[in-house]
Every structure is written in structure tokens, then in C-alpha cells.
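Me: Please take a close look at one part of this model, the contact between the two chains, and describe it in a single connected account.

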Protein chains: 2
Amino acid sequence: MSEIRVGLLGLGTIGIGVARILIEQQELISRRLGKQVRLVTAADRILGRDFDLDLISSVRLTDDANDVVTADDVDLVIELIGGYEPARSLVMTAIEHGKHVVTANKALIAKHGEEIFLLAAEKGVAIGFEAAVGGGIPCLKALREGLSANAIESVYGILNGTCNFILTKMENEGADYADVLREAQELGYAEADPTFDVEGIDTAHKLSILAAMAFGSRIRFDEVFTEGISRISAADIEAVSELGYRIKLLGIAKPHGDGSDMKRIEMRVHPTLVPLSAQIAQVSDSYNAVQICGDFVEQTIYIGRGAGERPTASAVIADVMDIARVAPDGVAHLAPPMGFVESERSELETLPVADIECEYYLRFMVQDKPGVIAAITSVLSDHRISLEALSQKERHATQAVPIVMLTHETAEGNLQAAISRITSLTNVEEDVLILRKENFGA
Amino acid sequence: MSEIRVGLLGLGTIGIGVARILIEQQELISRRLGKQVRLVTAADRILGRDFDLDLISSVRLTDDANDVVTADDVDLVIELIGGYEPARSLVMTAIEHGKHVVTANKALIAKHGEEIFLLAAEKGVAIGFEAAVGGGIPCLKALREGLSANAIESVYGILNGTCNFILTKMENEGADYADVLREAQELGYAEADPTFDVEGIDTAHKLSILAAMAFGSRIRFDEVFTEGISRISAADIEAVSELGYRIKLLGIAKPHGDGSDMKRIEMRVHPTLVPLSAQIAQVSDSYNAVQICGDFVEQTIYIGRGAGERPTASAVIADVMDIARVAPDGVAHLAPPMGFVESERSELETLPVADIECEYYLRFMVQDKPGVIAAITSVLSDHRISLEALSQKERHATQAVPIVMLTHETAEGNLQAAISRITSLTNVEEDVLILRKENFGA
């Protein structure tokens, strides 16, 4: 039986998961693939670590990642180091040496994907990155191949398990953000420095990849409008719930202009009010979901584990098997990495933030003095922003109280101008929480 | 730009959808594929019909399907006739003539798939049938390729949109089966003869394909245990709802024995109690869902439109594009149609119905006489069937009243033996409704 020889970069949690799946499923993989996938060499900076896996002790270990990406007996490199560098340099070197690359590194693809794809095409090697978006869920394959006959009309994703875990726990327990974050960190669900997750950057990495694949554009991570979940309070979650919504950190991408006249792409990541009746509202804990609407297929949803050793290993090895099936000389028979023939990918611009149109949830903290609501609503009215709901719960003579509003649709730029005027009003504090709402047909 | 030339069998709803997508998305398909997909000829028995599509009037039309499957200028045949014959003969002839085949015909694949795959392998052509299961949802691709590194632990599917529409409407409106069926027929959601849908046969077709792909076994449609929804009443739906469940017609497949020691496959289709909190319980109306658990990826769920002109056309053309990408001489670079190399597919037996273990919902109609519940529970106890819940709602002196029970797990054979004894008891009517329950971790 022929084989594909794999070199592994990084023996952290995911690396061990990949080694484990290659051992445990060796027979199954061969039965499905008709070839063997053999782990030949692995690199990690911390050698001497006590690995509990037989295979790891029998593969060639090195603490120099360059050995792996240049090795003569490696056909395919799996990059699991994460981050921008040295991952980028190692991947580029691997491609230069004619090796296929599979990676779970969303930051790498979001930031350096375009140069990686170009070099890979030039060298005739394949790039797989299913594990970079949605963890174990084969959502990129669905978008790239399963829905390839559709003009994509929208992509929504719960793409960060840490944030979804935190929001679910805040809602279920009425707990505050800081407490739940601490717990998530203790459980290993959140990093010591949680910024990438909770501030939406990880979601923006993934969304930028999904959007470019959906609309045939270039990956433009830097242009994603991004807000995280760290300012949401238990009180907001409760107020939202009373209005019939739940807060999810969503990545959202939509095309503007119709069909071939498509001109600009909207990309945004922010905590979003979703109706309790929407399917995506039911996706809880650390689960991820990607909802893709195509003009023929209509709505489709893909749900599963968005991270973790075993689900990520599942996606990594699926890519390895797809590549092994066409290797060594059939790479042109794979779907192009971003779902469009390279020369047909376009230079669509990103819709400016000010032009994004949304419905909003606004929470103002005000001194409960006569006329304050009138003053706020008067500014909103000046900006032609109409209200769907308004509630003021408790009244205190001396303390700031929250006023919560749902608006009808307006442009982000218009809203921000109104907010700026409102926060300069007497009796309105500067701390305004702005959330956005999606209706999902409800 | 190179092209793949398509011949179409059947110009019904789906056929028109396929023609439409090929016209409307011509440019998009080329941008994604790097080739053109060109409809060359189409066959339908009812020619002279007034087609509203420009392309249809420019393609070669025939009323003899044999013209299409033998035409020199056709590389790929799309079969949309449905049913066993003449679809089988036409597909076999197309393959004999070296043509790739894409079909939406689940009955054909469930019944004749094995001989079709064998001939296709012999002739070096590809077979695509994504549209046969889950309509527009790319669930076969997910199972075959996206989850290919996993040993599959279970497959659950809401696979028939007609049944899901009927059950959803019965629940939402408290309406009876017959009334909702009539309405579904008037709306075109159900056939004039609804047997294939409502008696679970269509679901069994699809489940048999999913199971064989999941477990590397042969397609054994005839061995699927199949019950439909036609005996469910509004009262059952209400009783089930009070217990915290919802009724869905599920296809269920599980392997028995661990990993490579896998010996038998459980396949069943029946109305199933699912907890309201389960994701699959939220899949309503004519939507389909496939839930696949793999040993590495854990639970994944795929939701979308299970039928209809446009979603089905989406799946058909995705298959065409996958094949066009490798054609003419790279068919070996496609994943094998059933997800395992042909020689590695096994002859696993189907678990006998009597050995299936379930929890049950039982509804007995009884004369409300002293001792009747004691007599029933005594028989159940004889068979070591323990109860999780029991309820008797109303009491009538003269009329039969329903008694509803939830049992703990027991084997189907044991349950049937107990039921047989119970229905021979005085004061118990023969009409017992047996539903099965799945807990989905709830």
C-alpha cells in the first residue's frame, strides 16, 4: 500500500491529538483512503517532555522545526504551532521544498493566507486549513465544495468556543463576566491572556477566511469590524432575555450589490442579539455553528465542537486524507483552497463601518432626572432613528440607572453620531453599551 | 475554457431546477470550477410541454432517454426520473457508455447502489448522489470526507421533510394527522399517495445509504426496521409534550461491537421522542437534519432544506462540479462513493430487530375497570421492563381511556412479547401505540 509521509510541527495539545488519531485510526484511515498516513518526524521546542504515546517515541523527534520542513522523507507538513511567526516562515519553507501543508492556524491564514496560496500554486502543492475555522465541523468543505453552485447571500458564525461558553454560563447562572472568565481560565477553556478570544480577534480571523471563500474575494482580516464580549454585564443579558433575545458573539459577512454586480463585502464581529427561536440561539457552551445561506440551497447550518484536541485532529486529518488521495501529482484535482480559481478571485472592497446597517440594542446609564429620556429620544429622532422598544426599570434619586432601547435599522455612522451627541447631554454617562441585533427571519 | 457536457434525464420540478441553476450560475460555476458545465441534451416523456427557460429551448430535447445515456457528446448524465425503473437501466447504460452519473434518486441508490458502484468502478466513471440524502445539505460529503478520520458512533437523521412538516403542524396547531396530511397534499408538500413518505420508506432509503457510508458496510435497505407516522394522534403529541419531549421521525444507525471488532449494524426508522432541549428537536417544518457522532469530532449536526427544486439542484450541481474537476481521467482522485475503498467495505450484518434496545413510550387504550393498570404493570414486571413514568388522564365509565407509559431500556423482542400478552388482557384494547425514545444526552 502506498503512503504519505507526514512531518508535524508542534506537539502541544493539538499535536498530541493528531499523533493519537494517526495511531488509533491507522486501520480505518487506510480502509477509507487506500493509502497509509505515516507520521515520520515531529518537532517541538520542549523535547524531553514525557509523551505517553508509543508512536511519538518511534518517530524522529527534533527541536529544530527546520529539520521537519526540509526533510527529504516528508511529503506533507502539519503546522500546529499557531500564531504568525515562526509559523509563516516554516510553512513558506515547507512549500518551497515541495511539501503539502495542513494547518489549524487561523491567524496564519487570515494574515498570510494570500502569499501562502500563491506560493503553493506556484510550487504545485496543496494547502489544507479546515481546522482553522469551526474546529471539527467540516464547514469550509461545505462552503467550498458542497455549496459551490450557490451565490452565497450571508454567513453567520459562532466561531469562538470560549466566548460561547462564557455567554452561556453568564445567562444560565446570572453570573458576571469577570467571574465566568476566571472560571473558564481555571477549566482551561480560556487562555491566561484571553484577549484574542474575548475581544473577538479569533472570530475575526475565522470570519475573514469564511467571507473570502464565500464571495470570491481576498482575505482582509484587518478590515473586519470587531467588538468583543468583555463589556457585557449580567444585567444586559437579563434585559435582552426579557425582550426575547439571547446574546451570541457572531461573525457576520454579507455581500452588497447583486450577483455579478457585487461590489463590497460587509464583515463584522460583535455580540449580537439573536431571537430565542432562531436555531443559532440554541448553540450553547463551547459549541460552534456556521450558518450559510445560498441562493439555491437557502439556509444551512453546521454545528459541532469548535476546538479541542480531538475535534481539531479530526479536521486536520480529513485535510491530510483529501491531499493524500490526489498526491503526488493530482493537486489540480482538488478544489482551489479558497473555492474559486485563483485568477477569478476579485478585489472586492470592504463596506466601510459607517455604512453598515443594523438594528441596535442601546443601554444608557442616566441620572433619573426629568426630561432625560425626552432629551435622548429627541437626539435619536434628529438622526431619524426610530425605536422598537424602550425600558427603564428602577428609579433611584441619586444613582445612575440603566435605560435600554431597541432601535429600528439605521447606519452605524448615523448611530455613532447620535450616541456622541447623547453622551454629551447632562445626566447621561459616557458609558453606553451598543449591541447589534439580527432577526434570522423571526 | 474546457467544459463538461451534461445530459439530463427528467424535466420535472428538480430537472427544471437543475437547468435553471446551470443558466443562472453559469459565470459563478466557471469562476469556482475553471471549467464550464454545459447542458447538451435533456429527455422527458412529456415533450411539447411549455418550458419557460431559454436554455431548455436551445438544448437538444428528446422523448427517448436512451438517446441521452448513449449520446457521444455527453460526458455526464444527471438522472432525475426517480424510482427503481427505468432509472436503474438508464444509469447502467450510461455507465456502460463511459458516462459519469449524478443522481438525486435515493430509492435507486438504496436498492441498486451496490451494482451501480461496481459497474462504475469497472468503467472508471464517477457516481454522485449527494442530493439523495438531506436534499441541499452537503451531509454525505461531510460524512465521506469531512469526518473521514473518525470511527462513526451514531447517525441520527430527520430525513423526510414531508413528515417533519406534518409533525410540526400537528404540534403547533393541535391538529390531527389526517387533516394535516390533506393540507400538505394541497400545498404540494405531500404526494397524492403519501405512503413512501409517511410510512418511513423514504427515510429508510436514506438511512440505509448513510449507515453503509458511516460504517463501511453494504447498503441493506431491506433490513431497516421501519415504522411511519400515520398512527400518531394529536393526543399523543400532547401527552409527549407534557413529558418534555417532541416527536420526530428519525432514522437511526449505530454500530455494535467496538472499533475493528464491529460486528453488526443497528438501523431503524420510527417516530421518536426527543427531549425538547436537544438541538435536533428544534429542526421544524420541512427542514432536514443529520446528526453524526464520530469518536474524535464528537457530535456534529447539519441542517437545511431536505427537498425542493432549488436545494436539490444545489446538491446535484455540487456533485457535477466535483466530478468535472477531476474529469476526464482523475476519477481515482475522488473519495470512493461510499467513503471506503471498495475492497475494504465489509459484510457486516444487520442487528436483528428483536435485539434493538430502546426506551419506549406506550399508549394503551383500556376500559377503566379496577385492576387494569395492575394487570398491565404486572406483565411488564414479568418481562423486567421498568417504568419511568405512567399517566392516566381522564376517567370514563363506559369509554376506553388512554394510559401512557415511559419505560426504561429493554430489548424490542422482549417488549413485543410483553405487549402481546398485555393486549390479550381483559379490558385492554388491541390498538397499542409504541413509540421509541432517544435522550441525546439530556
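**The interface of chain B and chain A**

Reply: In this predicted model, the contact draws 65 residues from chain B and 66 residues from chain A. Between them, chain B and chain A bury about 5300 Å², and carbon and sulfur atoms account for 53% of that area. Within chain B, the residues that lose the most area to chain A are B:R31, B:R32 and B:F296, which together make up 18% of what that side buries.

Charged and polar pairs also cross the interface. The rule finds six salt bridges between chain B and chain A. The side chains of B:E344 and A:R31 meet in a salt bridge, with an N to O distance of 3.7 Å. Residue pairs in polar contact between chain B and chain A, both residues at pLDDT 80 or more, number 25.

As for secondary structure, several elements of chain B each supply at least two residues of the side that touches chain A: the helices α1 (13-24), α2 (26-33), α7 (139-146), α11 (201-215) and α13 (309-326), together with the strand β12 (298-305). The largest share of that side, ten residues, comes from α13(B). By residue class, the side of chain B that touches chain A divides into 30 nonpolar, 20 polar and 15 charged residues.

Strand pairing also links the chains. Strand β12 of chain A, residues 298-305, pairs with β12(B) in the antiparallel sense over five bridges. Within this pairing, A:G304 has B:T300 of β12(B) as its bridge partner.

Definitions and conventions: Residues are numbered from 1 along each chain as its sequence is written. Chains are lettered from A and ligands numbered from 1 in the order in which they are written. This is a predicted model: local features need pLDDT of at least 70, side-chain atom pairs count only at pLDDT 80 or more; totals for chains, interfaces and linings use all residues. Side-chain values use heavy atoms; hydrogens and water are left out. Contact means heavy atoms within 4.5 Å. Buried area is the accessible area (1.4 Å probe) that two parts lose on being put together, summed over both. A salt bridge is a side-chain nitrogen of Lys or Arg within 4 Å of a carboxyl oxygen of Asp or Glu. A polar contact is a pair of N or O atoms within 3.5 Å; within protein, one must be able to donate a hydrogen and the other to accept it, and residues adjacent in sequence count only if both atoms are side-chain atoms. Helices (H or I, at least four residues) and strands (E, at least two) are DSSP runs, numbered from the N terminus. Ala, Val, Leu, Ile, Met, Phe, Trp, Tyr, Cys and Pro count as nonpolar, Asp, Glu, Lys and Arg as charged, and the others, Gly among them, as polar. Two strands pair if DSSP finds at least two bridges between them.
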